[in-house]
Amino acid sequence: MTKAFGARLYEALETRGPLCVGIDPHPSLLTAWGLPDDADGLARFCEIVIDALGDRVAVLKPQSAFFERHGSRGVAVLESAIRQLREAGALVLLDVKRGDIGSTVAAYAAAYLDPASPLRADAITASPFLGVGSLRPMFDAATAHDGGVFVLALTSNPEGAAVQRAVGPGGRTVAQTVIDEISQLNAGVSPLGSFGLVVGATIGDTGHDLSRVNGPILAPGLGAQGGTASDLRTVFGNDLDWVVPSYSREILARGPSVSDLRSAAADVLAQCRAVLGPRTR
């Protein structure tokens, strides 16, 4: 019987350090690495990233869209990459940002969280803007199969604020409602809940209460998107214990050299450790 995702993430962050690296094979990045923009280039790209980072970074986050754009062969590469990353000891957070209702969201849950699926990851990203309750099949599947779900709350893109910071009838913003509902799912869980949030590292002081989340908070937007490790304290204040900084192009741009990729990951991890400091719980 495996451990819950939150417990496995707790251990990974303690042993490998607080870092998530996105696997985002943009066409321009493939070209910069001297690889063709096709499924073969995608497979070679993943082979290099897995060799460089699979056995040393806590969380690897493939962005599904960059695989899907290559059709069935690209999805086959994603399936293989997920398997190899997990075999290397990394936790795989599949960035799919799915959200729907009823049988459709249940099908997404089966696709990404059921051990019978070749696309099964340790955790996925999800969009709650059809209502957090619409994601219940994902939460149930994650609980049943020791997986995790990271739910969008406060994203870095400027368009997100119109929805996420809108105020509902009870006086809470949409984002605070999402935060509170995810916090309820994690209440009383030790050492760490399996349900996380996505809060962008470039949004500044959020004005939102993250103190009761008791789960991981993925912080994308670092590096090429403009965020720096020092911004984490501005965004999260004292709620830094389970923030998981996420970098992508800042590290991947150093490829295809395996040693340079490892050096880049070590550099940003050191920067994040300096800001996050020792965990208080």
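Student: Which residues line the largest cavity?
Tutor: In this predicted model, the lining of the largest cavity consists of Phe-5, Leu-9, Val-59, Leu-93, Phe-150, Leu-218 and Val-244. On a 1 Å grid over the protein atoms alone, a cavity is a set of points where a 1.4 Å probe fits but cannot get out, and lining residues have an atom within 4 Å of a point.

Student: How much space lies in the largest cavity?
Tutor: The largest cavity holds about 40 Å³ of space. A volume here is the space filled by probe spheres set on the grid points, which are joined across faces, edges and corners.

Student: How many cavities of 30 Å³ or more does a search of the whole structure find?
Tutor: The search finds one.

Student: What classes of residue line the largest cavity?
Tutor: Its lining has seven nonpolar residues, with no polar and no charged ones. Ala, Val, Leu, Ile, Met, Phe, Trp, Tyr, Cys and Pro count as nonpolar, Asp, Glu, Lys and Arg as charged, and the others, Gly among them, as polar.

Student: Changing topic, how much space lies in the largest pocket?
Tutor: The largest pocket contains about 460 Å³. A pocket is an open set of points with protein on both sides within 12 Å along at least five of seven lines.

Student: Which residues lie nearest the centre of the largest pocket?
Tutor: Of the 25 residues in its lining, Lys-61, Asp-95, Lys-97, Pro-220 and Gln-225 lie nearest the centre. By class, the lining divides into eight nonpolar, twelve polar and five charged residues.

Student: Where does the residue numbering start?
Tutor: Residues are numbered from 1 along each chain as its sequence is written. As this is a predicted model, local features need pLDDT of at least 70 and side-chain atom pairs count only at pLDDT 80 or more, while totals for chains, interfaces and linings use all residues, and side-chain values use heavy atoms, with hydrogens and water left out.
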